[in-house]
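Here are my notes on the model you sent.

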Amino acid sequence: MPARSLIIIAFPLLVTSLAQVQSTDDHATDRAYIRQAESDWAESVVTNDVSVLERILADDFVGVDIDGSHYSKASAIKDYTHPSDFASNHLNEVEIRFYGDAAVAQGNEGWKKKNGATGKFVWTDTWIKRNGKWQIVAAEDLVPGPAPTMRP
C-alpha cells in the first residue's frame, strides 16, 4: 500500500483517538473539584466549618434530609452553630457523571458519633456550573437500613 494511502487512512484514526482522549479529560479538573468538595462537606459535619457550606451550596439549594424533611442553605449553616455529635465522617466513594453544565454525584460516607455509634450516609448531589463556579443545587441523603435477610 502506498505511503500516501496509509496517511489518508491513519490520519482520521489519529484525530478520532485524540478526540476521545480529550473528551475523557474534558471534566478532569471539574471532577477533581467536585470530589474534593464532597470530601470537604463530609469532614465539615465534624468540624462545623461553615465556609464549606457557603462555598459549595448554591443560594437556591434544597436538600432532603435522612428523615425526609427539606432544608436550605441557610438552615444547613444554622445547624452548624450547634456542637456536632460526630467524632468522624469521611467520604468513602463518589461517582460523578457530567451533563453539560450539570453533574450528578452519588456516593457514601462512613461516620462515627461521639457516643460510639457508627454508620453510613448514602447520597445524591446535583451540581450546576453557574458563572464558572460549581455548586450543589439539590441533595438527598439517607442512612441505609440493615441488609435484608434471605427467607428460606
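How many bridges join E1 to E6, and do these strands run parallel or antiparallel? The points below start there. Please keep in mind that this is a predicted model.

1. **E1 and E6.** The two strands run parallel, and 4 bridges join them. Val62 stands opposite Ala138 in E6. E1 spans residues 57–64, and E6 covers residues 133–142.

2. **The whole sheet.** E1 and E6 belong to an open sheet of 6 strands. The order is E2-E1-E6-E5-E4-E3. Pairing is mixed. E2 and E3 stand at the edges with a single partner strand each, so one side of each has no neighbour in the sheet. On average, neighbouring strands are turned by 20° against each other, direction ignored.

3. **E5 against E6.** This pairing is antiparallel, over 9 bridges. Several partners can be checked by eye. Asp125 has Ala139 in E6 as its bridge partner. Trp127 stands opposite Ile136. Lys129 stands opposite Trp134. The hairpin of E5 and E6 has 2 residues between the strands, and Asn131 there takes a positive phi near 50°.

4. **E4 against E5.** These strands also form a hairpin, with 4 residues between them. In the turn, Gly116 has a positive phi of about 100°. The strands pair in the antiparallel sense over 11 bridges. Ala102 has Ile128 in E5 as its bridge partner.

5. **The helix on the sheet.** Which strands does H2 lie across? The list is E1, E2, E3, E4, E5 and E6. H2 runs at about 155° to E3. H2 itself is residues 28–47.

6. **Aromatic pairs.** The structure holds 7 aromatic pairs. One of them joins Phe86 and Trp111. Their ring centres are 5.6 Å apart and the planes stand at 90°, so the pair is edge-to-face. The cut-off for that class is over 60 degrees. Phe86 sits in E3 and Trp111 in E4, 25 residues apart, and the pair links distant parts of the chain.

7. **The largest pocket: size and centre.** The volume of the largest pocket is about 760 Å³. Its lining counts 28 residues. Which of them lie nearest the centre? They are Val45, Asp65, Tyr80, Phe86 and Phe121.

8. **What builds the lining.** Elements that give two or more residues to the lining are H2, E2 (70–72), H4 (73–79), E3 (86–99), E4 (102–113) and E5 (118–130). H2 gives the largest share, 4 residues. H2 is also the helix that lies across the strands in point 5.

Note on methods
Residues numbered from 1 in each chain as written. Predicted model: local features only at pLDDT ≥ 70, side-chain atom pairs only at ≥ 80, totals over all residues. Heavy atoms only, no water. 1 Å grid on protein atoms, 1.4 Å probe; cavity = no way out; pocket = protein on both sides within 12 Å on 5 of 7 lines; lining within 4 Å. Points joined across faces, edges and corners; volume = space filled by probe spheres on them. Pairing = 2+ DSSP bridges. Axes fitted to C-alpha atoms, helices over the stretch in contact; angles between N-to-C directions. Contact = heavy atoms within 4.5 Å. Phe/Tyr/Trp six-rings, centres within 6.5 Å; stacked < 30°, edge-to-face > 60°.
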